[in-house]
Amino acid sequence: MKIAINTRLVLENRMDGMGWYIYETTRRMVAAHPEVEFHLLYDRTPDHFLIEGTNVVNHVLPPQARHSILQKIWHQWSVKRCLQKFRPDAYVSADAQLTLGLKVPSVLVIHDINFEHYPKDIPGHYSRYLRKYSPLFARAASHLVTVSSYSAQDIASHYGIERNKILVIPNGVNDDFRPLTSKEKDDIRQELTGGDPYFIFVGSIHPRKNLHRLLQAFDIFKNETKSRVKLLVAGNLFYMHDELRSALDQMQHRQDVIEGGRMDASRLHLAVGGALANVYVSYFEGFGIPVLEGFRCGVPVIGGNQTAIPEVAGDAAHLVNPFDIRDIADGLKKVYADEAYRDTLISRGLQRASQFSWEHTSRELWRAIHSITN
C-alpha cells in the first residue's frame with residue numbers, strides 16, 4: 001500500500017498547530033505501519049527531514065507555497081502531477097487544502113474556518129482564496145476530519161455538509177510537556193524574569209489570539225495588584241495588526257512584558273511549566289493546543305469562553321469573555337491571588353490532559369485513511 005501525505009508544514013522550529021498535527025500523526029503512522037510505503041510531500045527542502053523510516057519516500061515539489069497564489073499552484077499542479085506519477089492508494093492533507101480533480105481517495109483535515117467568521121484578520125488575498133476554495137476542498141474529500149465538535153458543526157453549517165459525515169478526532173499534546181521540579185521552576189524563572197512570577201501567552205501573534213486585549217487587561221492587573229508579575233509572550237509575529245501596535249504603545253507597564261519569540265518544544269515546556277498561569281484568551285479556536293500544554297505542565301489555565309476552548313478545557317480552566325478586558329483582568333487577579341483555586345485548576349487540568357494524546361489522534365486518523373483504501 002502507498003499513502004501520500006502533505007507534509008509541507010513540517011519544518012524544524014517553525015511549526016504551529018497544523019504543523020505539529022501533521023508531524024505527530026505522520027511519524028507515528030510511519031512507525032506503526034512498516035508494511036506501508038509513505039510518500040511525504042514538501043514544498044522546500046528542510047534542513048533535515050524530521051520524519052524518517054525505511055518506508056518513507058520524500059518528494060520536494062516547487063514552488064515554496066507561502067502565498068495564496070503559490071499555494072494554489074502547489075496543491076493544484078505540483079501535487080497533482082506527483083500523485084499521477086506514483087498513484088498512491090490514498091492522499092492525506094491536514095493543512096485544510098486539497099488537490100481538486102484527484103482520482104485518488106483523499107482524507108482532508110480542516111482544523112477550523114476562522115476566516116469565514118473574521119475574514120479581515122488575515123491578508124485579503126489569502127482570505128479570498130480560502131473562502132472561495134475551502135467549500136470545494138471540503139466537498140471533494142473522500143473523508144473529512146476535524147479536531148472538535150465545534151468545528152464539525154461550524155463546517156457543516158457553512159458548507160452544507162451533513163454533520164454525521166465529518167469525523168471528529170481531537171488533537172493531542174506534545175510528550176515534552178510535564179510538571180517541572182521546584183528547581184526547574186526556579187531556574188527558568190530566574191533566566192526569563194530574574195526570578196519574578198509570570199503569566200505566559202503561547203501562540204502566533206495573530207489577531208484572533210487576542211494578545212492586544214490581554215495586554216490591556218495585564219495593565220489593569222498591574223495597576224490594581226501592584227505585583228511583580230510579568231507577562232511572557234512566547235510566539236512568532238504573524239500579523240502585527242493595528243490593535244496590537246496601539247496596545248503596546250499605550251501600555252503603562254510595557255517594561256513588564258517580555259518578548260520570548262518562538263521557542264522549540266523543549267524550551268517552551270520549561271517556559272510554560274515555570275509560569276504562574278498559562279493565559280490563552282483567543283476569541284476563535286478550532287481546538288487550542290496551548291490549553292492542553294498548560295494542563296500537562298501542571299499550570300493553571302485562563303482561557304477564552306468562545307468557540308472550541310470550553311469543549312477542550314472542560315471544567316479545568318478559568319474561562320473569561322475574550323472580548324471583555326475587565327473580565328480578563330479579573331481572571332488574572334483571581335488566579336494570582338487565590339492559591340487554593342490555582343491548586344484546584346492544576347489538579348483538574350492534569351486529569352483533563354490525560355484524556356488527549358497524539359497516539360489516539362494518529363490511530364483514529366489511520367482508521368480514516370484505511371477506510372477509504374478498501
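The model is predicted, so local features need pLDDT of at least 70 and side-chain atom pairs count only at pLDDT 80 or more, while totals for chains, interfaces and linings use all residues. Residues are numbered from 1 along each chain as its sequence is written, and side-chain values use heavy atoms, with hydrogens and water left out. Helices (H or I, at least four residues) and strands (E, at least two) are DSSP runs numbered from the N terminus.

**Helix packing**

- The axes of α2 and helix α4 (residues 124–140) come within 9 Å and cross at roughly 30 degrees, which makes α2 roughly parallel to α4; angles under 35 degrees count as roughly parallel, over 145 as roughly antiparallel, 65 to 115 as roughly perpendicular and the rest as oblique.
- Ser 68, Gln 71, Lys 72 and Gln 76 of α2 make this contact with His 125, Tyr 126, Tyr 129, Tyr 133 and Phe 137 of α4, where contact means heavy atoms within 4.5 Å.
- Axes are lines fitted to C-alpha atoms, for helices over the stretch in contact, with angles from 0 to 180 degrees between N-to-C directions.
- Helix α12 (residues 325–337) and helix α13 (residues 339–353) have axes that come within 5 Å and cross at roughly 95 degrees, which makes α12 roughly perpendicular to α13.
- On the α12 side the contact involves Lys 334, Val 335, Tyr 336 and Ala 337, and on the α13 side Glu 339, Tyr 341, Arg 342 and Leu 345.

**Buried and exposed residues**

- In helix α5 (residues 149–159), Ser 151, Ala 152, Asp 154, Ile 155, Ala 156 and Tyr 159 are buried; buried means under 20% relative accessible area, exposed over 50%, and partly exposed in between (1.4 Å probe, protein chains only).
- The cover over the buried residues of α5 includes α3 (114–117), α4, β6 (143–146) and β7 (166–168), and α5 is followed by Gly 160, whose phi is positive, near 65 degrees.
- Ile 73, found in helix α2 (residues 68–86), counts as partly exposed at 36% relative accessibility.
- Ile 69, Leu 70, Ile 73 and Trp 77 form a nonpolar patch on the surface, with about 380 Å² of accessible area together.
- Patches are made of residues with over 30% relative accessible area and no salt bridge, joining like charges within 9 Å and nonpolar side chains (Val, Leu, Ile, Met, Phe, Trp, Tyr) within 5 Å; accessible areas come from the Shrake-Rupley method with a 1.4 Å probe, and for residues only the protein chains shown count as cover.

**Salt bridges**

- The count comes to 25 salt bridges, each a side-chain nitrogen of Lys or Arg within 4 Å of a carboxyl oxygen of Asp or Glu.
- The side chains of Glu 24 and Arg 28 meet in a salt bridge (2.4 Å, N to O), and these residues are separated by about one helical turn because they are 4 residues apart in helix α1 (residues 17–32).
- Glu 24 counts as buried at 2% relative accessibility, and Arg 28 is buried with a relative accessible area of 12%.
- Arg 326 and Glu 224 form a salt bridge through their side chains (2.8 Å, N to O); Arg 326 lies in helix α12 and Glu 224 in helix α7, so the pair ties together parts that are 102 residues apart in sequence.
- Salt bridges that share partners join Glu 24, Arg 27, Arg 28, Asp 175 and Glu 359 into one network.
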